[in-house]
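Student: I've got the model open and a few geometry questions to run through. Can we take them one at a time?

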Amino acid sequence: MVLIILAFYLITKKGSINSKYLILTVLCLIYNISNGLIPDSNFITDIRSQYYITFAIGILVSCYSFYFIHYEHNIKIFSKNIVKGIITGFCGWYIISFVSLYSITNNLSLCRIIFFLYPIGISFFWFYKFRTWLIDSAYKSWSDLIKIKIYAGLIAMISLFSFPIILIIFEDNQPLERSIYNIGFISLSYYFFYRLWFYTPKDDDKIDEQFLKDLNINLTKRQNQVLREIFENPEKSYTDLSEKLNISISTFTTHSTNIYKALSLEDKSKKGLIKFLKDKKSQI
């Protein structure tokens, strides 16, 4: 399945290559291959070293998936610094609770349980914060595309956090482990290919040149780009949009501030700008 998705992705000619999704796909492929090969008593390397390797691969894939869901699917429950802290802590916890403890006790079941206490604890905290984030967000006004994006990310996160529980209960049931993880990957892939191949933005979600002229304000070409990106990507942060336009966040913020002034907005925020533009589109 992963090979099919990877091949389909590589031959697609629509849109530019999303390098982060490609990395996720390759990591998923590596995980599926390694999970099917090791641990195996027929390998020259001892079983303990094989568990070190397979757990390290699982951590790498899980950490990148965690990061990807936050910053590609905009489920930004935690700030970037907290996400980095969680990932760093996970790697440190792997060294302490699994590598070191397993080498001392040689008790895989005990080390597995202790090791997975960390991600299980993070999962409970994440879902608690997700509930708060969802209540505070304007989810009722989300477009269909944003809803699909959020739901796809949520399913992937549920799959990711189910992973340690499955490993504790069923231990080395590799087909079940791969199935649980791949459900999350397929969910993320569904959104990616849905947007790439099937989604056609509605006119109400776009800003054309005529609309910019009808606003009757004197904006620079770059400011028009910034205005369009803010309106057409309401779920994205200014940091994400600045990266998309290849400008610094400070430059993007300066442009947005000048746009607010040019439009004489009372609510000088992204939410205020989007509301103003929607009202104008309904009038023109």
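Student: At roughly what angle do the axes of α9 and α11 cross?

Tutor: This is a predicted model, with residues numbered from 1 along each chain as its sequence is written, and local features need pLDDT of at least 70, side-chain atom pairs count only at pLDDT 80 or more, while totals for chains, interfaces and linings use all residues. Side-chain values use heavy atoms, with hydrogens and water left out. Helices here are DSSP runs of H or I with at least four residues, numbered from the N terminus, and axes are lines fitted to C-alpha atoms over the stretch in contact, with angles from 0 to 180 degrees between N-to-C directions. The axes of α9 (residues 221-232) and α11 (residues 249-263) come within 9 Å and cross at roughly 90°.

Student: What kinds of residues make up the contact of α9 with α11?

Tutor: Contact means heavy atoms within 4.5 Å. On the α9 side you have R222, Q223, V226, L227 and I230, and they meet F252, H255, S256, N258, I259 and L263 in α11. Ala, Val, Leu, Ile, Met, Phe, Trp, Tyr, Cys and Pro count as nonpolar, Asp, Glu, Lys and Arg as charged, and the others, Gly among them, as polar. The contact of α9 with α11 then divides into six nonpolar, four polar and one charged.

Student: How many disulfides turn up in the whole structure?

Tutor: A disulfide is a covalent bond between the sulfur atoms of two cysteines, and the cut-off used is a pair of cysteine sulfur atoms within 2.5 Å. For C91, the closest cysteine sulfur is in C63 at 4.8 Å, too far for a bond. Searching the whole structure gives a count of zero.

Student: Is S65 buried or exposed?

Tutor: S65 is in helix α3 (residues 47-72). Buried means under 20% relative accessible area, exposed over 50% and partly exposed in between, with a 1.4 Å probe and protein chains only. At 4% relative accessibility, S65 is buried.

Student: Which residue's side chain joins that of S65 in a polar contact of 3.1 Å?

Tutor: A polar contact is a pair of N or O atoms within 3.5 Å; within protein, one must be able to donate a hydrogen and the other to accept it, and residues adjacent in sequence count only if both atoms are side-chain atoms. A side-chain polar atom of S65 also lies 2.8 Å from the backbone oxygen of V61. Leaving aside neighbours within four places in sequence, S65 contacts L24, L160 and Y181. The side-chain partner at 3.1 Å is Y181.

Student: What is the phi of N246, roughly?

Tutor: N246 is in the loop between α10 (238-244) and α11. N246 is exposed, at 70% relative accessibility. Its phi is positive even though N246 is a residue other than glycine, with a value near 60°.

Student: How far apart are the C-alpha atoms of I148 and Y194?

Tutor: I148 is in helix α6 (residues 144-170). Not counting residues up to four places away in sequence, I148 touches Y190, Y191 and Y194. I148 and Y194 are 46 residues apart along the chain, with a C-alpha separation of 9.2 Å.

Note on methods: Helices (H or I, at least four residues) and strands (E, at least two) are DSSP runs, numbered from the N terminus.
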